[in-house]
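This briefing sets out selected features of the structure shown below.

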Amino acid sequence: LFGLLIFTIIVPVQTYMIPQYVGFSHFNFFGVMAIPGMLGAELPNIAANTFTPMYLMAGLGMGIRSGLYIFIMRQFLRGLPVELEEAALIDGCGPVKTLLKVMLPNVVPAIVTVLVFSVVWYWNDYYVSATYLTKNFPLSVNLTMLNGQLSSYSQQANISSADMWLLKDSILSCGCILVLLPLVIMYIFAQKQFTESIERTGIVG
């Protein structure tokens, strides 16, 4: 299973995006939706301009870089001393209580690291978002489309090419800052736990 996990980390998403899209476009929720289909109702295409495929993949551990998140949590938990579990067992804790009261408080840095990585990669994602969405794009996709939108606007507003060239640089720079600002603020607050987790999981360099 760990080998399969490593496999999900090293295989690029471009190699399986087309069959994945086809699978989601005919997704049947384990046959439940076949009943309205037999009655003549048209089955919804959840791959067409919805966030449902992303939510399903993230919830089932196959989202963007999910293999790396599982690897980080595994390495962090393996680094915790087994004496913690033994002491909790002596004090009368069962497996669930040991997990909730002893182990989870000790893996807060790893949870923060996974949260930071997940937010950054989903925030900056272009490929998956552009594959499943045709409108309501995230900011990263809209930023790449901004240059073409400004060019069409300059033609409609009769703005000279020299003036539009100056305006484009300013507007694109502002857009980049607005996209980066939430991530910078988040990292400032999570910096301590993030650094501690990276050191303890061995993901350095």
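**Briefing on the predicted model**

Met62 lies in the loop between H4 and H5, where helices (H or I, at least four residues) and strands (E, at least two) are DSSP runs numbered from the N terminus. The model is predicted: local features need pLDDT of at least 70, side-chain atom pairs count only at pLDDT 80 or more, and totals for chains, interfaces and linings use all residues. Residues are numbered from 1 along each chain as its sequence is written, and side-chain values use heavy atoms, with hydrogens and water left out.

**Overall composition**

- The secondary structure of the protein consists of eleven helices and zero strands, so that from the N terminus on the elements read α-α-α-α-α-α-α-α-α-α-α.
- Of the 205 residues in the protein, 27% count as buried; buried means under 20% relative accessible area, exposed means over 50%, and partly exposed lies in between (1.4 Å probe, protein chains only).
- The accessible surface of the protein is about 13,500 Å², and 68% of this belongs to carbon and sulfur atoms; the areas come from the Shrake-Rupley method with a 1.4 Å probe, and for residues only the protein chains shown count as cover.
- Among the contacts in the protein with a separation of 6 or more, 69% are between residues 24 or more positions apart, contact being defined as heavy atoms within 4.5 Å.

- Met62 is partly exposed, its relative accessible area being 43%.
- Leaving aside residues up to four places away in sequence, Met62 touches Thr8 and Met57.
- Met62 and Leu5 are 57 residues apart along the chain, and their C-alpha atoms are separated by 9.8 Å.
- Arg65 is also placed in this loop, between helix H4 (52–59) and H5, and counts as partly exposed at 45% relative accessibility.
- Although Arg65 is not a glycine, it has a positive phi of about 60 degrees. Most residues other than glycine have a negative phi.

**Helix H7 and its cover**

- Helix H7 (residues 95–106) has twelve residues, which at 1.5 Å a residue should span 16 Å; the end C-alpha atoms are 15 Å apart, in agreement with that value. The expected span of a helix is 1.5 Å times one less than its number of residues.
- Thr98, Val102 and Met103 are buried in H7. They lie on the same side of H7, because they cover an arc of only 85 degrees around the axis, the arc being that of the directions from the helix axis to the C-beta atoms.
- Val96 and Lys101 are exposed on the other side of H7.
- Thr98 counts as buried because its relative accessibility is 9%. Not counting residues up to four places away in sequence, Thr98 touches Glu85, Ala88, Cys93 and Met103.
- The cover over the buried residues of H7 includes helix H5 (66–79) and helix H6 (83–90).
- H5 has 14 residues and reaches 20 Å from its first C-alpha to its last, close to the 20 Å expected at 1.5 Å a residue.
- The buried residues of H5 are Ser66, Gly67, Leu68, Tyr69, Ile72 and Phe76.

- Leu180, Leu181, Val184, Ile185, Ile188 and Phe189 make a nonpolar surface patch of about 620 Å².
- Patches are made of residues with over 30% relative accessible area and no salt bridge, with like charges joined within 9 Å and nonpolar side chains (Val, Leu, Ile, Met, Phe, Trp, Tyr) within 5 Å. A salt bridge is a side-chain nitrogen of Lys or Arg within 4 Å of a carboxyl oxygen of Asp or Glu.
- Ile185, one of the patch residues, is in helix H11 (residues 161–201) and is partly exposed, with a relative accessible area of 40%.

- Tyr21 is in helix H2 (residues 17–25) and counts as partly exposed at 28% relative accessibility.
- Tyr21 and Val128 are 107 residues apart in sequence, and 9.8 Å apart in space from C-alpha to C-alpha.
- Asn142 is in helix H10 (residues 139–156) and is partly exposed, with a relative accessible area of 30%.
- Asn142 and Ala130 are twelve residues apart along the chain, with their C-alpha atoms separated by 9.9 Å.
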